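Visitor: I am new to this structure and would like to learn how its features are read. Could you take me through a few of them with care?

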Amino acid sequence: MRAVRTVLGDVPPDRLGVCDAHDHLFLRSPALPGHELDDPAAAAAELATFRELGGGTLVQWTPFGMGRAAGELPALSRAAGVHLVAATGLHQAAHYAPGLLERLRGGGLAAFFTAELTEGMLTGDDPDGPRGPARAGMVKVAGMFHGLDGHAREVMAAAAEAHHATGAPIGVHHEMGTAAADVLALLTGQLGVPAASVLLGHLNRFPDPGLHRELAASGAYLAFDGPSRAHHATDWRLLGCLEDLAAAGHADQLLIGGDTTSATARAATGGGPGVPYLLRVLRPRIAAALGEDAAAALFVRNPARAFAWA
Ligand SMILES: [Zn+2]
């Protein structure tokens with residue numbers, strides 16, 4: 001039977017409830033100084049508000065080595081009564097301290113991702129650190145601006161190998177929403193990952209409806225997110241992009257998340273839109289624009305399929 005792997009164990013897909021399909025409770029990068037999400041109490045407050053608004057599951061797309069705090073996630077999930085899905089995988093090379101990626105490559109990236117999916121995630125950012133009981137439920141990878149560098153290709157090849165070993169879905173960060181066609185050609189074309197296990201993220205940052213329809217024709221999931229302060233320029237195009245894809249018959253491939261990436265973007269403690277914005281503001285607007293059935297697809301039915309292991 002297919003299941004979604006949460007930090008507390010495997011859950012039948014129809015038990016996820018309302019899902020924030022792409023967000024962050026913890027995040028840290030040398031490329032984003034001053035924007036750390038590293039406070040468990042603030043994460044708990046954000047999650048509690050999400051639960052009060054009817055949220056059932058949050059998927060954290062923070063990959064290894066970026067302060068994802070895998071050791072904190074089980075207790076947060078239990079306390080809030082919200083399923084949490086965590087990610088293994090890697091972001092762009094710029095997000096890592098020099099030397100860390102070399103140490104990780106020593107044991108093989110595919111074996112590392114697979115171990116995080118099946119045995120348990122490293123609790124910290126040290127490749128030689130302890131492994132906790134919580135397992136990852138997806139593999140995160142990242143493209144570059146309008147292309148893929150050697151690091152991105154290497155990580156995607158390892159992610160594909162981990163997918164073939166486990167069935168776990170692969171979620172893709174697209175820089176400013178670009179290079180999604182290159183990613184699809186690599187993952188589904190060359191590496192044989194089924195399109196239904198590929199989740200293309202951040203497409204709202206490149207709001208080209210024609211391109212979105214071409215990508216959707218592949219059968220992959222299109223994961224939209226926002227709003228975020230950093231990407232305000234394209235936030236107001238979100239509903240139009242979703243309407244266009246739904247009208248083209250792709251409502252069953254759409255995912256939506258909050259993608260909170262900085263402490264000031266948090267609702268409970270930062271005065272920003274945060275995780276709750278997704279249910280407080282966006283869900284009613286999506287229901288009004290696309291209809292209740294499409295909203296239920298975006299928030300409940302689609303993530304249940306997308307995050308279930310093949
Ligand atoms: Zn993200």
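Visitor: In which loop does Met 176 lie?

Guide: Helices (H or I, at least four residues) and strands (E, at least two) are DSSP runs, numbered from the N terminus, and Met 176 lies in the loop between strand S8 (170-173) and helix H6 (180-190). The model is predicted, so local features need pLDDT of at least 70 and side-chain atom pairs count only at pLDDT 80 or more, while totals for chains, interfaces and linings use all residues. Residues are numbered from 1 along each chain as its sequence is written, and side-chain values use heavy atoms, with hydrogens and water left out.

Visitor: What is the phi of Met 176, and does Met 176 count as buried or partly exposed?

Guide: Although Met 176 is not a glycine, its phi is positive, at about 55°. Buried means under 20% relative accessible area, exposed over 50%, and partly exposed in between (1.4 Å probe, protein chains only), so Met 176, at 41% relative accessibility, counts as partly exposed.

Visitor: Where is His 202 found, and is His 202 buried or exposed?

Guide: His 202 is found in the loop between strand S9 (198-201) and helix H7 (209-216); it is not a glycine either, yet has a positive phi of about 65°. With 2% relative accessibility, His 202 counts as buried.

Visitor: Which residues are the protein donors of the zinc ion?

Guide: Donors are N, O and S atoms within 2.8 Å of the metal (3.2 Å for Na, K and Ca), and because water is not among the atoms, sites may look incomplete. Here the protein donors are His 22 (NE2), His 24 (NE2) and Asp 259 (OD), which lie 2.1 to 2.2 Å from the zinc ion. Both His 24 and Asp 259 are buried.
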